[in-house]
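Here are my notes for a first look. Have the sequence and the fold open while you go through the points.

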Amino acid sequence: MYDYLIVGSGLFGAVFAHEAKKAGNHVLVIERRLHTGGNVYCEEKEGIQIHRYGAHIFHTNYKDIWAYVNQFVHFNNFINSPIANYKGHLYNLPFNMNTFRELWDIVTPAQAKSIIDKQKKLINGKPKNLEEQAISLVGLDIYNKLIKGYTEKQWGCSCKDLPAFIIKRLPVRYTFNNNYFDDQYQGIPIGGYNQLIDALLDGIEVHLGIDYVQKRNDYCGIANKILYTGMIDEYFNYKFGPLEYRGLHFETERLNEENYQGVAVVNYTERNIPYTRIIEHKHFEYGTQPITYITREYPLNWCVGEEAYYPINNSRNQKLYERYKMLAKREKNVIFGGRLAEYKYYDMDDVIKASLMCVKKEIYKNL
């Protein structure tokens, strides 16, 4: 008999499992995939750590979370400085003076601010959709070249059909600073994220290739409590209908060249290019191998039975999620946590923080 059955071995599940075991609990982790780690899983090829499910750069302002992960693995000093490619022209991200210089051939922050402020005035009143919201924040030129096509590929529809609240703010810097994140702490685990997951799950029983939803009868009564990190609508057999997600498809290619694009991530912002970005994995760890691996990332419409990546947090889906959340509250001895179980986009540091808060509430509640 286990104290906890943990469904899913991503960051939320792995952190909870580690802390539960540390507190003296008997823990079993089951995982649908044939590897642990969820979407942070890395696959090593010829000394290069390939981020199997897209680029994952750890960044945080939480000093306690940074200290927590550094117990298990050393991080390098990787700084995310992605590039946008629009019709063969390259622009720095996030939007900063390097971007504006390339766009408008200007040299001062005052010149850039004047152009953006003038273009923002094209939108009068409260923005009615994502297009109007974006223009009201950064102006027409940036929207047309660096936001519109990329966003429409990502969400699978016109920006005019997306709600304004999806983009609450867009970072605009009037400095020559290409660091994508403002967070104090940033880096990639040396040797890949598997090092972190393996350390968290050290000494814990893990069963791979187990689909809990399909096999739940086999695990009935095996543990006092269940932590479920999978899709909340799938857990309830889509009783109210499926929530909406975006899917992703990855195509990885080995190239017989040392350096393909000179940076870890290049976004392709034209609508007619089917992929959203190309990732060159060796640059996450400053690799010097004579070959390289790149991955093209394609957004997809999602269907039941496929891997879900991004929740579509519009008003319809939020209302539907609330109905599932009410069902979840009635479940006895089941905890729902993580990106899919909470139908919420989480950065990695927030996943870890939420898992530790769950641990505190669940395991140490009487202390």
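1. Which residues does Q154 touch, not counting residues up to four places away in sequence? Its contacts are R246, T276, P299 and Y310, where contact means heavy atoms within 4.5 Å. Q154 sits in helix α6, residues 140-155. Helices are DSSP runs of H or I with at least four residues, strands are runs of E with at least two, and both are numbered from the N terminus. Q154 counts as buried because its relative accessibility is 14%; buried means under 20% relative accessible area, exposed over 50%, and partly exposed in between, with a 1.4 Å probe and protein chains only.

2. A word on what you are looking at: this is a predicted model, with local features needing pLDDT of at least 70 and side-chain atom pairs counting only at pLDDT 80 or more, while totals for chains, interfaces and linings use all residues. Residues are numbered from 1 along each chain as its sequence is written, and side-chain values use heavy atoms, leaving out hydrogens and water.

3. Now the open sheet of five strands, in the order β9-β2-β1-β10-β16 with parallel pairing. Two strands pair if DSSP finds at least two bridges between them. β9 (205-208) and β16 (334-336) are at the edges with a single partner strand each, so one side of each has no neighbour in the sheet. Strands β1 (residues 2-7) and β2 (residues 27-31) run parallel and are joined by four bridges, with V7 opposite I30 in β2.

4. There is also an open sheet of seven strands with mixed pairing, ordered β7-β6-β12-β13-β14-β11-β15. Here β7 (89-92) and β15 (310-311) are the edge strands, each with a single partner. Within this order, β6 (residues 83-86) pairs with β12 (residues 265-268) in the parallel sense over three bridges, and A84 has N267 in β12 as its bridge partner.

5. Have a look at two helices as well. L11, F12, V15, F16 and E19 in α1 meet a set of α11 residues that includes M348, V351, I352 and E362. By class, this contact of α1 with α11 has eleven nonpolar, one polar and two charged residues (Ala, Val, Leu, Ile, Met, Phe, Trp, Tyr, Cys and Pro count as nonpolar, Asp, Glu, Lys and Arg as charged, and the others, Gly among them, as polar).

6. Lastly, the cysteines. The structure holds zero disulfides, a disulfide being a pair of cysteine sulfur atoms within 2.5 Å. For C303, the closest cysteine sulfur is in C157, 16 Å away and too far for a bond. C303 is partly exposed at 43% relative accessibility, whereas C42 is buried at 1%.
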